[in-house]
Amino acid sequence: MATDAPPPQKGSPDERPALPSTEEFVEVQQSAEFGELRHAHRSFAFPLTIAFIAWYLLYVLLSNYAGDFMGTKLFGNINVAFVLGLAQFLTTFLIAWWYSRHAAAKLDPKADAIKSRMEGGA
């Protein structure tokens, strides 16, 4: 099983870099840089989550209350319900792909800067 965790450091505990204190974590959490990171994440994730839940609930409601519409054949034995059901999977993968691109472009650089500063690299 591969992880992103670094291997244990060799040497005595005195040679290892000190972990940030609670005060340093609180200071970073209250910084403008961390606020920008949190805003960049929330402004993307929350609206997309709400939109996807609404889309999913629409599918469920149509399945329960619009049986005639959902049973409408589009071609062969393929009906509206089947197409919308497949669209649920498609949108799930598209959202995951879109979030991955967003995180790589907007979130990861900010998070890496904060992490390196906290670990004493900056």
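The model is predicted: local features need pLDDT of at least 70, side-chain atom pairs count only at pLDDT 80 or more, and totals for chains, interfaces and linings use all residues. Residues are numbered from 1 along each chain as its sequence is written, and side-chain values use heavy atoms, without hydrogens or water.

The chain holds four helices and two strands. Both are DSSP runs numbered from the N terminus: helices are H or I with at least four residues, strands E with at least two. Along the sequence the order is α-α-α-β-β-α. Of the 122 residues, 16% are buried, meaning under 20% relative accessible area with a 1.4 Å probe, protein chains only.

| Helix | Residues |
|---|---|
| α2 | residues 32-65 |
| α4 | residues 80-118 |

The axes of α2 and α4 come within 10 Å and cross at roughly 175°. Axes are lines fitted to C-alpha atoms over the stretch in contact, and angles run from 0 to 180 degrees between N-to-C directions. The two helices are therefore roughly antiparallel, a label for angles over 145 degrees. Their contact involves 20 nonpolar, six polar and four charged residues. Nonpolar covers Ala, Val, Leu, Ile, Met, Phe, Trp, Tyr, Cys and Pro; charged covers Asp, Glu, Lys and Arg; the others, Gly among them, are polar.

Gln-88 lies in α4. Its relative accessible area is 8%, so Gln-88 is buried. Leaving out residues up to four places away in sequence, Gln-88 touches Phe-52, Trp-55, Tyr-56 and Tyr-59. Contact means heavy atoms within 4.5 Å.

Methods:
Buried < 20%, exposed > 50% of the residue type's maximum accessible area, 1.4 Å probe, protein only. Parallel < 35°, antiparallel > 145°, perpendicular 65-115°, else oblique.
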